[in-house]
Amino acid sequence: MSKCMQRDLQRLSADHFDVLIIGGGINGAWIALDAALRGLRTALVDKGDFGAATSAATGKMIHGGIRYLQHMALGRLKTSLHERMLLLRNAPHLVHPLPFLIPTSGHLLKGKEVLSLAMLIYDFFACRAVPGPPYAQIPPHQRLSRRETARLEPCLALEGLTGAVRFFDCQMPFPERLTLAVIQSAQEAGATVVNYAQATKILRDEMTVRGVRIRDQLAGDGFEIQAHCVVNATGPWADEILRAEGSSADPSATTAKQNRQFSKGIHIITRALTSGHGLALATRHQHSGAVLDRGGRHFFIVPWEGHSLVGTTNAPYEGDPDQKLVTEEDIQGLIADVNSVYPSAGLRREDVLFFYGGLYPDEPHQGAKGYQGARKDRIVDHGQGNVLHGLITVSGVKYTTGRRLAQMVVEMVFAKLQRPVLPCRTETAVLHGGDMPGMQAFLAAEQNRLAGILSVEEIDHLVRLYGTKISDVLETASENVANKTKRTADNLVMAQTRYAVRREMARKLTDVLFRRTRWGLFGHPGGDLLRHVADVMAEELAWDRARMEQEITEVEDCYHVVT
Ligand SMILES: Cc1cc2nc3c(=O)[nH]c(=O)nc-3n(C[C@H](O)[C@H](O)[C@H](O)COP(=O)(O)OP(=O)(O)OC[C@H]3O[C@@H](n4cnc5c(N)ncnc54)[C@H](O)[C@@H]3O)c2cc1C
C-alpha cells in the first residue's frame with residue numbers, strides 16, 4: 001500500500017525546513033514536489049483543502065496553447081505543448097486527449113484557410129514536443145466539410161457554416177485530483193504537507209525570513225514553522241499574506257507592480273450539449289489585440305463526464321477572494337452567450353446543474369482581458385532591494401504549465417540557500433497513481449481482474465479517479481467491497497469515504513464530495529448520500545451531531561449563488 005497522507009502538525013512545528021510553501025494550489029504543489037525531489041527539506045501548508053481554490057475553478061483543460069497562435073507567442077506555445085505531453089505521460093489516469101471542433105464560416109480570419117495554416121504550425125510544434133509513449137500521441141488536425149461537421153455535431157449546422165477544423169487538446173476531468181496527486185507525490189518524496197493550516201504572518205529576523213506563523217483552522221491553535229526560505233504561492237491571496245501585520249514585504253510599501261488586479265471567470269455544468277467534441281466558440285463582441293482575431297471572447301462547450309462544461313466568462317473583480325463568486329447574473333449571461341452563438345443548444349436555467357468561479361490575475365492598467373488574454377507568470381524575489389530576504393512570491397497564470405514555473409522557482413530557492421543547484425527531476429516523475437502502461441491497457445487489465453466483483457462502470461470510475469491506487473481503495477475497505485455477496489453501491493461510497501479520510505487527508509464533507517470523489521459535482525447529490533458520507537466521516541473523525549449538521553450545511557451552500 002502507498003504511504004498515508006498524515007496531517008502531521010507535530011513534524012511541521014518541530015522541523016527546520018529549507019523551504020516552506022504557502023498555498024497548495026497547483027503551483028504550490030509543483031514547487032513542493034520539485035523541491036522535495038531535489039532533496040530540500042520541504043513543507044507545504046494550505047489554509048483550506050489542497051487544490052480547492054483557483055486550481056479547482058478551471059476549464060479542466062491541459063492546453064496545448066492553441067490560443068497563443070493568435071498572438072504568435074510561439075515560445076509559450078512550445079512550452080504548453082511540452083508540458084501537455086509530460087502530463088499525458090506522467091498522469092495518464094488524470095489527463096486524456098479530447099477532440100475539438102472550431103467551426104468556420106466565410107473566408108480569411110474566420111475561414112478554414114487561415115485556421116488550417118495556424119493548425120499546421122500547431123501540429124508542427126506538437127510533434128516536436130518531448131517524445132511521449134504511443135498511447136500519448138495526439139493525432140494531427142483535420143479540415144472538415146460542412147457535411148462532415150454536421151454529421152459529427154448536428155447542432156452545429158448553422159447558417160453560414162463552411163465546415164470546421166478538428167483537432168485534439170487534452171482534458172483533466174478532475175483537476176482537484178491532479179493537484180492532489182502532485183501533493184501526494186511531494187509527500188512521497190519527503191515533503192511535509194498539511195491542509196487547513198493558514199499562514200497568518202511571515203516571521204523574520206531583521207531583513208531575513210525565518211518562518212511563518214500558522215493557525216490550525218480545524219483546532220484553532222497557533223504555532224510557528226521555521227524555514228530558511230518561504231514561497232508565497234497563494235494565488236489571489238498573494239498580496240494579503242504580504243500585508244499581514246509586521247511583514248515589511250507589504251507590496252504597497254515596495255513596488256506597486258506587485259499589486260495584481262483580478263478578473264472573475266465562471267463555468268457551468270449542464271446536460272450534454274454536444275455529441276462528444278469540445279466546441280471552441282466566440283461571442284459576438286470584438287476582442288482587440290490579437291494577430292489572428294476570429295471575433296469576440298472565446299468560450300468552450302466541452303464534454304465532461306456525460307455532461308457539458310461551459311465557460312468561461314471574464315469580468316473585473318475587486319472583492320474579497322474568500323467570498324462566493326458566482327451570481328445569478330453571471331449564469332444568465334453565460335446561458336445567453338451560448339444561445340446566441342449556438343442556438344440549437346436551447347440552454348435553459350434548469351439545465352445548469354452546478355457552477356463555480358475563480359479569479360485570474362490581470363496585468364495592471366490593461367483592463368480585464370481575462371483567461372483569453374496574453375498573460376505571464378510572475379516570480380517576485382522580495383530580497384531584491386533589500387526588502388525581505390528569503391521570501392519569493394509566485395503568481396502563475398496557467399494550470400498546464402505549473403511544473404515549468406515551479407522549476408524556475410526552485411532554482412531561485414537554491415540560490416537563496418546558497419547551495420549548488422541540483423537537476424530538476426519533475427519531468428520524469430510519474431505522479432501518484434500514474435504508474436501504468438497507458439490508461440487503456442491498465443483499465444482493460446483491471447476490468448479483467450475485478451470482473452464479477454465490481455461493475456464495468458464502477459471499475460472505470462475508480463481507475464479514472466485513483467489510477468493504480470484502485471487496489472489501495474479496495475483494500476482499505478476490503479470487508480465491504482471485495483466481498484461479492486455483500487457488495488452494494490453504499491459499500492463503495494463507504495470505502496471511498498474512509499479512504500479519503502484515512503489516506504488522502506480529507507477533513508471536511510466538502511473535501512470528500514468535491515475533491516476526493518466527484519459526487520457533488522453534478523448538482524446536489526441527494527440528502528441520503530450526504531448523510532451516508534457524513535455518517536462515515538463522523539465515525540472516522542469523531543464528529544458530534546452538531547458538527548455533522550454544520551458540514552452538511554456547508555455542502556448545501558455550494559449549490560447557492562451569491563445573494
Ligand atoms: C476561470 C478560470 C479558468 C481556467 N482554466 C484553465 C484551464 O482550463 N487550463 C489551465 O491550464 N489553466 C486554467 N486556468 C488558470 C489556472 O487555474 C491557474 O493559473 C492556477 O490554478 C493557479 O494556481 P495557484 O496554485 O497559483 O492558485 P490557487 O489554486 O488559487 O492556490 C492558492 C492556494 O493558496 C491558499 N492560501 C491562500 N492564502 C493562504 C494562507 N494565508 N495560508 C495558507 N494557504 C493559503 C489557498 O487556499 C489556495 O488553495 C484558469 C483560471 C481561471 C480563473
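## Ground rules

The model is predicted, so local features need pLDDT of at least 70 and side-chain atom pairs count only at pLDDT 80 or more, while totals for chains, interfaces and linings use all residues. Residues are numbered from 1 along each chain as its sequence is written, and side-chain values use heavy atoms, with hydrogens and water left out.

## The nonpolar cores

Let's start inside. A nonpolar core here is a set of buried Ala, Val, Leu, Ile, Met, Phe, Trp, Tyr and Cys residues joined through side-chain atoms within 4.5 Å; buried means under 20% relative accessible area, exposed over 50%, and partly exposed in between, with a 1.4 Å probe and protein chains only. The largest such core has 53 residues, and those touching the most other members are Ile 31, Val 95, Leu 178, Val 231 and Val 413. Elements that each supply at least two residues of this core include strand 1 (16-22), helix 3 (74-90), strand 10 (222-232) and helix 10 (402-417). Helices (H or I, at least four residues) and strands (E, at least two) are DSSP runs, numbered from the N terminus. Helix 2 gives the most to this core, namely nine residues. At least three core residues come from each of domain 1 (9-54 + 176-259 + 376-428) and domain 2 (95-171 + 261-370), with bounds taken from an automatic or database domain assignment.

Another core, of 43 residues, lies apart from this one, and Val 463, Val 493, Ala 506 and Tyr 559 are among its members.

Strand 4 (residues 96-105) is mostly covered, with eight of its ten residues buried. Two strands count as paired if DSSP finds at least two bridges between them. Strand 4 pairs with strand 6 in the antiparallel sense over ten bridges, and Pro 103 has Ala 164 as its bridge partner there. Strand 4 also runs parallel to strand 12 (residues 278-282), joined by two bridges; Leu 101 is partnered with Leu 279 in that strand.

Pro 99 is found in strand 4 and is buried, at a relative accessible area of 15%. Setting aside neighbours within four places in sequence, Pro 99 is in contact (heavy atoms within 4.5 Å) with Arg 166, Phe 167, Phe 168, Gly 276, His 277 and Gly 278. Its C-alpha is separated by 9.5 Å from that of Val 302, 203 residues apart along the chain.

## Helix 11

Helix 11 (residues 439-450) has twelve residues and reaches 16 Å from first C-alpha to last, close to the 16 Å expected at 1.5 Å a residue; the expected span is 1.5 Å times one less than the number of residues. Its buried residues are Met 439, Phe 442, Leu 443, Glu 446, Gln 447 and Leu 450.

Just after helix 11, Gly 452 takes a positive phi of about 90 degrees.

## Helix 18

The buried residues of helix 18 include Met 548, Glu 551, Ile 552 and Val 555. They cover an arc of only 100 degrees around the axis, which puts them on the same side of helix 18. Ala 546 and Thr 553 are exposed on the other side. The buried residues pack against helix 16 (509-516) and helix 17 (527-541).

Methods: Arc of directions from axis to C-beta.
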